[in-house]
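Please read them alongside the sequence and the coordinates.

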Amino acid sequence: MTAAPIGEGRVTLAAFAGLVAGGGPVRLSPAARERMSAALAIVEARAAGPDPVYGMNTGLGAKLAERIPAEDIPAFQRRFVLGRAVAAGAPLPEATGRAVAIARLVSAANGPAALSPPMADHLCALLEAGLSPVVPEFGSIGAADLTQLAVWALGVLGEGEVWRAGEILPAARAFAEAGLAAPQLGPRDGLALASHAGLSVALAADALGRARTALDAAKAALLLSYAGHDANRAILAPEVNARRPAPGQAEAAAWLSERLAGTAHAPRRIQEALSFRQAAPVTGAAEDALARAVAVWEDEATGTPDSPVVLSDGAMASTPNFHAPALALALEGVALAMSMAGQGAVQRMQRMMSPALSGLPRDLSPEGGAAAGMVPLQKTAAALLAEIRRHAQPAILDPAPVSEGVEDMACLTPLAARKLCDQMRAFRLLAGAEALVAAQAIDLRGGGLGAPVARLHAALRDRIPPLGADRPLGPDIETAARTLDAAAGEI
């Protein structure tokens, strides 16, 4: 199926992810091309005029007072990219460069960024040829993602490096083999390529996609734990959860209650441990944090993260739009919410291994005696939770001022996004560990299972046998995590 043209309304996270993953052609809508052409005409007139326009006929940052003669503007745009390509570290994944290109096209399609249509067409051609400009790991403080995007822009211009089918090679060679040539830089193309928030948008899209998958897996593991522990479900009653309309709480309680229907239930006590009793508020809060972050991402992706921009009256003005503090804060909120959800997972695993609370054999070992059973998993779970908490610590505080103090604030949005991605590596394993323990508890408890629980349990047992005699369980954690990745969205 051909993706819809870029520039036809608000972009969604799902549509953006589809463009990044698709690997096929990307094209601009006719309306987007008209907007970009109109903005470019204004830029060309202003660049040649007597009035200072930041970053076009003036220097940048601390060199704002320097004026650029009209005849030197194309060369200045190229020097702008060359002089700021100072990012360092290992290359980010191949998909990152493609995502940055799509993010740039999506925001430039509004027109005010004044990316020239020939350069936009060149970006589309790069994507169609399967080329993804390299982005180094370190450099952006969230102030237009400048240094990393300058390296990316070198790849766009055929002067840096690009990914192609998993291999990094000189852009000049890749261009020659693909029959591509970068167009001449327009009066704002250097700025439009290197000074925007496209890397923040690209990394945040990846992080939020991973968080969505991980939260679905965590909910599936929670469902299995409720069944394995046979936790009292009275706490999930609609009227109980409607008494305090906290974001997502009633919906999470209803989700659990509906999917537990048909699973045998004989509660042993009036109240369970808080990791079960608070599951709906905690899960609902995580869902709410993620939904808010996705909405903020869509605002950011569809907006114009450039300075200066063309205004509706034909004027050009500086903006603060290249910083994305709302997105940084939203990403941090997701990381904190997922940390709280992770704490509940660890505690439920321990409760299920306690005979006094679960009514099941100690450590869920059918052999008993000196057998370790599943208790060693508690250490791995605790280590994973520590990793999750480490990545929940805010990364956006107190960046160092730069550029002679002119750039004395930044929001570190790319770091917040990469941190959330790293957190999800541990989180999905923790969800797998909880599901592994819960499936064992279900086996030992017996009783009928409703369809959603039965499907999840069967998916796990298709790949992982129940624990009998002690065996290495580490590989089973990863297998369980992969199983949840595939199965969680279907319940």
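1. The secondary structure of the protein amounts to 19 helices and 7 strands, where helices (H or I, at least four residues) and strands (E, at least two) are DSSP runs numbered from the N terminus. This is a predicted model, in which local features need pLDDT of at least 70 and side-chain atom pairs count only at pLDDT 80 or more, while totals for chains, interfaces and linings use all residues. Residues are numbered from 1 along each chain as its sequence is written, and side-chain values use heavy atoms, with hydrogens and water left out.

2. On overall dimensions, the C-alpha trace spans about 85 × 50 × 45 Å along its principal axes. The accessible surface, computed by the Shrake-Rupley method with a 1.4 Å probe and, for residues, with only the protein chains shown counting as cover, comes to about 20,000 Å², and 58% of this belongs to carbon and sulfur atoms.

3. Of the 491 residues, 53% count as buried; buried means under 20% relative accessible area, exposed over 50%, and partly exposed in between (1.4 Å probe, protein chains only). Among contacts (heavy atoms within 4.5 Å) with a separation of 6 or more, 78% are between residues 24 or more positions apart.

4. An open sheet of 3 strands runs in the order S2-S4-S5 with antiparallel pairing, two strands being paired if DSSP finds at least two bridges between them. Strands S2 (131–133) and S5 (167–170) stand at the edges with a single partner strand each, so one side of each is left without a neighbour in the sheet. Neighbouring strands are turned by 40° against each other on average, direction ignored; axes here are lines fitted to C-alpha atoms, for helices over the stretch in contact, and angles run from 0 to 180 degrees between N-to-C directions.

5. Helix H7 (residues 171–178) packs on this sheet and touches S2, S4 and S5, its direction making about 90° with that of S5. Strand S4 (residues 161–164) pairs with S5 in the antiparallel sense over 4 bridges, and Arg164 stands opposite Glu167 in S5. The hairpin of S4 and S5 has 2 residues between the strands, and there Ala165 takes a positive phi near 50°.

6. In helix H1 (residues 13–22), the buried residues are Leu13, Phe16, Leu19 and Val20. They cover an arc of only 125° around the axis, which puts them on the same side of H1, the arc being that of the directions from the helix axis to the C-beta atoms. The face turned away from this buried side carries the exposed residues Ala14, Ala21 and Gly22, whereas the cover over the buried residues includes helix H4 (94–108), helix H9 (198–229) and helix H13 (279–302).

7. Which residues does Ser339 touch, not counting those up to four places away in sequence? Ser339 lies in helix H14 (residues 325–352) and, at 11% relative accessibility, counts as buried; it touches Leu385, Ile388, Arg389, Ala392 and Gln423.

8. A search of the whole structure finds 0 disulfides, a disulfide being a pair of cysteine sulfur atoms within 2.5 Å. Cys421 is in no disulfide, and the nearest cysteine sulfur, that of Cys411, is 17 Å away. Cys421 counts as buried at 13% relative accessibility, and Cys124 counts as buried at 10%.
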